[in-house]
Amino acid sequence: MSPTPTPLDDEALQRFLRDGYITLDAGLDADFHRDVYEEVDRLFEAESNPGNNILPRVPGIRRVLDSPPVHGALKSLLGVDYYLHAHRFCHYRQAGSEAQQLHKDSWSRRHHRTRWCMAFYYPQDTTEEMGPTGIVPGSQYLNGPPDPDGEVALAGRAGTVTIVHYDLWHRGLANTSDRKRYMLKFLFTRLDEPAADGRGPAVFDEEDPRAPLWRSMWRWQTGHAGPAGSRVSSGEVTELAADLGAEDETRAQHAAYRLGESADTAAVGALLEGLRSGAGGVRRNAAYGLTAVGAAAVPGLVECLAHGDAGLRAAAVDALGDLGRQAAEAAPSVSASLEDEDLEVRRQAAHALGTMGADSAVPRLAEACSEEDDWVARNASLSLARLGAPAEEALPALGRALDHDNRYVRANALRCLQRIDSSGAREMLYHHLATSRWCPITASGTPY
């Protein structure tokens with residue numbers, strides 16, 4: 001029986017929502033991490049970076065991911081049935097290597113709610129001189145590069161695991177030592193939307209302009225999505241609406257979330273006007289505010305799906321997807337958007353239908369798994385995995401997806417079959433694994 005996972009307490013969860021990261025110790029002994037380090041080092045010396053195959057090549061790493069502190073934190077952040085994504089990578093910093101530029105990873109959707117996380121695991125003691133990952137706390141909410149003065153080096157002893165919000169700005173720091181270092185990165189995503197978990201109200205610094213954003217994140221994370229009901233006057237609505245385009249992102253997001261947590265008619269109207277404005281920053285910030293509004297924002301967003309501006313349609317579909325199950329009534333309209341002439345709208349719709357819990361969209365999502373565009377197919381297959389058992393009618397399409405040219409469509413189809421868990425899904429899953437199983441110890445010196 002696996003050890004009981006250790007969940008994050010309220011203080012730790014609030015710290016993650018504020019800062020975008022939490023550092024843990026996997027609780028395994030030094031000999032274990034030394035063995036992992038030596039295995040990884042042999043792989044790099046004899047072959048190359050194993051990339052997505054790091055787990056079958058060094059299967060002991062699974063003990064780190066399944067350790068009570070790490071598994072418990074991931075369950076607290078991403079729900080009980082979170083998904084260890086097929087994308088993994090071994091980050092290697094040789095002695096004397098220069099620092100990277102601060103960046104967000106390339107799959108970023110620039111969303112605030114915690115649906116994606118990464119875990120950084122160091123199998124060796126890592127000092128600041130060895131070039132650990134550097135992060136800027138709180139920067140997961142920023143679209144522009146943050147002030148690097150607040151950068152934190154994620155140095156630590158062997159067995160250190162840091163879980164970060166996918167959108168946190170980060171980089172590999174310069175390795176000024178005479179030693180190489182490895183960091184193993186794993187990607188995780190949420191499959192089920194948050195449910196009420198009994199946690200009490202959050203405690204944030206109310207003097208901080210980011211407090212409305214943090215309050216909204218806490219409400220969603222603990223299964224209380226929707227506005228807090230903190231009303232604003234008509235004069236404040238006008239001022240806050242003007243601030244949606246502020247150059248200072250903190251100020252702009254304060255305006256978006258203050259309007260969003262009010263959710264009265266004037267505030268929602270101001271946010272919808274911002275979404276329709278066409279200005280990139282205003283539109284993006286208005287979408288954050290509409291997500292905070294909750295179900296009251298859905299009718300206005302659905303109206304935008306018929307607009308002639310493809311950018312507005314894409315932004316509206318994206319916001320409906322970020323609303324998740326609160327936007328369930330919009331499922332028919334979003335499902336129809338899978339036929340939109342604009343590629344970005346189709347990509348957003350394929351992603352949104354999964355978070356919305358749109359069971360009725362299974363046939364269209366099944367078709368979308370075969371679309372020529374990889375991102376449409378990837379998003380559609382992930383949405384089917386999020387839907388779980390109701391996706392059983394997509395079994396023929398999932399069988400085809402197991403042979404898709406894109407590795408992540410294949411992986412999503414496997415996870416979906418696991419979630420469906422019917423006799424037909426299990427038979428398909430076992431048959432595929434029996435033929436595709438890769439032997440991790442087969443190499444030039446051990447061919448059989």
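Which residue in β8 is the bridge partner of F89?

1. Basis. This is a predicted model, in which local features need pLDDT of at least 70, side-chain atom pairs count only at pLDDT 80 or more, and totals for chains, interfaces and linings use all residues. Residues are numbered from 1 along each chain as its sequence is written, and side-chain values use heavy atoms, with hydrogens and water left out.

2. Strands β2 and β8. K185 in β8 is the bridge partner of F89. Strand β2 (residues 83-93) and strand β8 (residues 181-189) run antiparallel and are joined by eight bridges; strands pair if DSSP finds at least two bridges between them. Strands (E, at least two residues) and helices (H or I, at least four) are DSSP runs, numbered from the N terminus. Of the 11 residues of β2, eight are buried (under 20% relative accessible area, 1.4 Å probe, protein chains only).

3. Helices α7 and α8. Helix α7 (residues 234-243) packs against helix α8 (residues 249-262) at an angle of about 140 degrees, with the axes 8 Å apart (axes are lines fitted to C-alpha atoms over the stretch in contact, and angles run from 0 to 180 degrees between N-to-C directions). The contact (heavy atoms within 4.5 Å) involves E236, V237, L240, A241 and D243 of α7 and R251, A252, H254, A255, R258 and L259 of α8.

4. Helices α1 and α6. The axes of helix α1 (residues 10-19) and helix α6 (residues 211-221) come within 10 Å and cross at roughly 125 degrees. In α1, D10, L13, Q14, L17 and R18 meet W214, M217, W218 and Q221 in α6.

Technical notes:
Buried means under 20% relative accessible area, exposed over 50%, partly exposed in between (1.4 Å probe, protein chains only).
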